[in-house]
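Welcome, and thanks for taking a look. Please open the model below, and we will walk through its sheet, a ring pair and a metal site.

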Amino acid sequence: MLEGGNSYEGGCLCGAIRYRVTGPSLFESQCCCRDCQKATGTGHTTIVGVMRDQLEMAAEPKVYTNTGESGGWVSRHFCGDCGGRLYTSGSLPGEVIMIQAGSLDNPSQVTPQNVIYGKDAVSWDHFDPALTVYDLYAPR
Ligand SMILES: [Zn+2]
Ligand SMILES: [Zn+2]
């Protein structure tokens, strides 16, 4: 879980979009799905699950929406100026959204609990061997 209190901030690369999250995270995972690979240009993305109403955005990000492998819709929110990724929302139960851990001002606060979509992990991407690797989603 996020260390350093119940409020944390982040933003995009250029600084045009800032955000604040209040309250504890629900989960922290490494996602290796093909869409995360395509969207980030690397092997996985690190996500922090929070409730939608825990996130305060200081500006409107751009949004790209497609249908994920699960069949549900996924919207990726990013800065239209620098392309920095901020969070992902989708057809998850209970208005859960996923902050991109690298956009936090202190990404070392994050402690991933598991690896999801491990079936798509690439051989050159390495994880803490203590983490459980799930083929798809982790059970909740
Ligand atoms: Zn930006
Ligand atoms: Zn993913």
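An open sheet with mixed pairing is formed by 8 strands, in the order β6-β7-β8-β9-β4-β3-β10-β11. Its edge strands, β6 (62–67) and β11, each pair on one side only. Strands are DSSP runs (E, at least two residues), numbered from the N terminus, and two of them pair if DSSP finds at least two bridges between them. Within the sheet, β8 (residues 85–90) runs antiparallel to β9 (residues 96–100), with 3 bridges; T88 has M98 in β9 as its bridge partner.

This is a predicted model: local features need pLDDT of at least 70, side-chain atom pairs count only at pLDDT 80 or more, and totals for chains, interfaces and linings use all residues. Side-chain values use heavy atoms, leaving out hydrogens and water, residues are numbered from 1 along each chain as its sequence is written, and chains are lettered from A and ligands numbered from 1 in the order in which they are written.

Now for the rings. The whole structure holds 1 aromatic pair (ring centres of Phe, Tyr or Trp, the latter by its six-membered ring, within 6.5 Å). Y117 sits in the loop between β10 (114–116) and β11 (132–133) and Y137 in the segment after β11, so the pair ties together parts 20 residues apart in sequence.

| Residue | Relative accessibility | Class |
|---|---|---|
| Y117 | 6% | buried (under 20%) |

Accessible area is computed with a 1.4 Å probe on protein chains only.

Finally, the zinc ion (ligand 2) has C31 (SG), C33 (SG) and C36 (SG) as protein donors, 2.2 to 2.3 Å away, spaced C-x1-C-x2-C along the chain. Donors are N, O and S atoms within 2.8 Å of the metal (3.2 Å for Na, K and Ca); water is not among the atoms, so sites may look incomplete. Both C31 and C33 are buried.

Technical notes:
Buried means under 20% relative accessible area, exposed over 50%, partly exposed in between (1.4 Å probe, protein chains only). Rings of Phe, Tyr and Trp (its six-membered ring) pair if their centres lie within 6.5 Å; planes under 30 degrees apart count as stacked, over 60 as edge-to-face and the rest as tilted. Helices (H or I, at least four residues) and strands (E, at least two) are DSSP runs, numbered from the N terminus.
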